[in-house]
Each structure stands twice: as C-alpha cells, then as structure tokens.
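Subject: Structure handover

Hi,

Here is the structure I promised to pass on to you. Please open it alongside this message, and my notes follow below.

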Amino acid sequence: MGLLIEFAKMGIGVSCVVKQFVERELETGCLIEISLSDPIVPCEIGFLYQEIQPFNENILKFMRVQSRKHQSIERRML
C-alpha cells in the first residue's frame, strides 16, 4: 500500500488506500480525498486461527479493535 500512496503523492494516478494510513497527508493537503458517487459497499473480515496457538498482544489488540468497530456498525444498522 505504501507504493500506491507514494505514486499518488508524485501525481502518478489515483490510489484507493485505507484512509487512516494517509491522515497526515490529507490534513496537510499533500493528498486529497475524492468522494465517490456510489459508495464502496462495506465488507466483512473473518479471522482464522489455531486454538492451541497463544496470541501475542498485538493480535489481541487488533481483534479487540475490530470487535468494537463491528459492534458499533451493528448498533447503527438497527
């Protein structure tokens, strides 16, 4: 994804990237966000893992964040 971001900064086309990865560039005006007439449909992420494998702290944090986001989206849809 880093290469796509750098190409966009150099003016070599348009890139579709995770907004959080370019927040600083958006704030400084180095990059601009293009609004789409048809929004991108949200997708789901699944996790597969071995039960016997202990998780490291980074994986646990990521799963907690994703779980909170999922619960927030479900509440808004109700």
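Let me start with the charged side chains: Glu 6, Lys 9 and Glu 25 are linked in a network of salt bridges. Please keep in mind throughout that this is a predicted model.

Lys 9 is partly exposed because its relative accessibility is 32%, which lies between the 20% and 50% cut-offs. Glu 6 falls in that partly exposed class too, with a relative accessible area of 38%.

How many salt bridges are there by the rule used here? The count comes to four.

One of them joins Glu 33 and Lys 19, whose side chains meet at 3.2 Å, N to O. This pair links distant parts of the chain, 14 residues apart: Glu 33 is in the loop between α2 and α3, while Lys 19 is in the loop between α1 and α2. Glu 33 is exposed, at 52% relative accessible area, whereas Lys 19 is partly exposed at 46%.

Another salt bridge connects Arg 64 with Glu 57, and the closest N and O atoms there are 3.1 Å apart. Arg 64 has a relative accessible area of 40% and is partly exposed. Glu 57 is likewise partly exposed, at 43%.

Now for the overall layout. The chain has three helices and zero strands, so the order of elements from the N terminus on reads α-α-α. Of its 78 residues, 5% count as buried. The accessible surface of the chain comes to about 7500 Å², and carbon and sulfur atoms account for 59% of that surface.

Which residues form a nonpolar patch on the surface? They are Val 14, Ile 32, Ile 34, Leu 36 and Ile 40, with about 590 Å² of accessible area together. Ile 34, one of these, lies in the loop between α2 (23–28) and α3 (57–77). Is Ile 34 buried or exposed? Ile 34 counts as exposed, because its relative accessibility of 52% is over the 50% cut-off.

A disulfide is a covalent bond between the sulfur atoms of two cysteines. This structure holds zero disulfides. Cys 16 is exposed, with a relative accessible area of 62%, and Cys 30 is partly exposed at 42%.

Finally, a word on confidence. The mean pLDDT of the chain is 81, and 83% of its residues reach 70 or more. Where is confidence lowest, and where is it highest? In the chain, the lowest value belongs to α3, with a mean of 69, and the highest to α2, at 95. Where pLDDT is low, the predicted coordinates should not be read in detail.

Best wishes

Notes. Residues numbered from 1 in each chain as written. Predicted model: local features only at pLDDT ≥ 70, side-chain atom pairs only at ≥ 80, totals over all residues. Heavy atoms only, no water. Disulfide = S-S within 2.5 Å. Buried < 20%, exposed > 50% of the residue type's maximum accessible area, 1.4 Å probe, protein only. Patch = residues over 30% accessible without salt bridge, like charges linked within 9 Å, V, L, I, M, F, W, Y side chains within 5 Å. Areas by Shrake-Rupley, 256 points an atom, 1.4 Å probe, with all protein chains shown as cover. Helix = DSSP H or I, 4+ residues; strand = E, 2+ residues; numbered from the N terminus. pLDDT = per-residue confidence, 0-100.
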